Amino acid sequence: MSLPDYKSSQKQSTPAAPHAAVVQLNVGGHLFSTCLSTLRKHPDSKLAELFSGQSKLRTDAQGRYFIDRDGSQFGRVLEFLRSEQLPTENIQEVHREAVYYNIKPLIKRLEETPRLFGELVGRQQFLSRVPHYKENIEVLIRIARAEAIAARHSTIMICVLRTEEELGFYDNAINSLEADKESVVTFGPWKAVPSVKDLLDCVKTDIESQGYRVSIEPHVVEKSFLSRSYDYFYKVTFTWW
């Protein structure tokens, strides 16, 4: 099904009726009605491109224009296009949709909200200064899944080194472990204000955001008069059932 050409309709001296036409949408099974002008409000957006008249759009069995994407947050995107009203919940999910549809004013205003501002400017900037953070999260999950066979829990040891000075003790610290040294995942050091606890909170948050249940607790090592003990180690426990 085709739409009236957006550019050619702009050249007409009087507004073209199709531009104000009501459009029926099916976004991943969620149904919406809106004006064509609403979808074309921001010319650089993907929605404006889709409904420019240049793209061949699919339709469902009832003739509604079909967008094959999760539509659970599309209503909030549509509300912004209609009234510039920002959502008050599901901010991150709406932001993801705004990025997908390339609605730049919505992206900008969402990123100025306290929640996303803190995530993007605070937490993510901190994590970008922790070497190999994302890769380490992936390794943790991969090891945990490998150890989940016929088990209720998987426990992986991590080593958190806050400073360069602590990094200098790494070899001695790792050799003091009785656990499997090969599977220890090491975070740090980093040059930023957040503490070890802040880093551990981030690890827990980012693993749980992928649907896992995890707990983190210090790995207690028995102190010896003959050797130094190190408090760099923590146990990350995945619970499967």
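Two strands count as paired if DSSP finds at least two bridges between them, and this briefing uses that idea to follow one sheet in a predicted model. In strand β5, the residue that forms the bridge partner of V160 is F187.

- Strands of a sheet pair through backbone hydrogen bonds, and they may do so in either a parallel or an antiparallel way.
- Here four strands form an open sheet, in which the order is β5-β4-β7-β6 and the pairing is mixed.
- The edge strands are β5, which covers residues 185-187, and β6, which covers 213-218, and each of them pairs on one side only.
- From one strand to the next, the twist averages 30°.
- Strand β4, made of residues 153-160, runs parallel to β5 and is joined to β5 by three bridges.

**Helices on the sheet**

**How the two helices meet**

- Two packed helices are described by the angle between their axes together with the distance between the axes.
- For α8 and α11, the packing angle is about 55° and the axes lie 11 Å apart.
- Angles of 65 to 115 degrees count as roughly perpendicular and those under 35 as roughly parallel, and α8 and α11 are therefore oblique to each other.
- The crossing that α8 and α11 make is right-handed.
- On the α8 side the contact involves Y133, I137 and L140, which meet L199, C202, V203, D206 and I207 of α11.
- Sorted by type, the residues of this contact between α8 and α11 comprise seven nonpolar, no polar and one charged.

- F233 has its place in strand β7.
- Because buried means under 20% relative accessible area, F233, with a value of 2%, is buried.
- Although F233 and I158 are 75 residues apart in sequence, their C-alpha atoms are 5.7 Å apart in space.
- When neighbours within four places in sequence are left aside, F233 is in contact with M157, I158, C159, A173, I174, L177, V184, P218 and H219.

Key. Residues are numbered from 1 along each chain as its sequence is written. This is a predicted model: local features need pLDDT of at least 70, side-chain atom pairs count only at pLDDT 80 or more; totals for chains, interfaces and linings use all residues. Side-chain values use heavy atoms; hydrogens and water are left out. Helices (H or I, at least four residues) and strands (E, at least two) are DSSP runs, numbered from the N terminus. Axes are lines fitted to C-alpha atoms, for helices over the stretch in contact, and angles run from 0 to 180 degrees between N-to-C directions. Angles under 35 degrees count as roughly parallel, over 145 as roughly antiparallel, 65 to 115 as roughly perpendicular and the rest as oblique. A crossing is left-handed if the near helix is turned anticlockwise from the far one by less than a right angle, and right-handed if clockwise. Contact means heavy atoms within 4.5 Å. Ala, Val, Leu, Ile, Met, Phe, Trp, Tyr, Cys and Pro count as nonpolar, Asp, Glu, Lys and Arg as charged, and the others, Gly among them, as polar. Buried means under 20% relative accessible area, exposed over 50%, partly exposed in between (1.4 Å probe, protein chains only).
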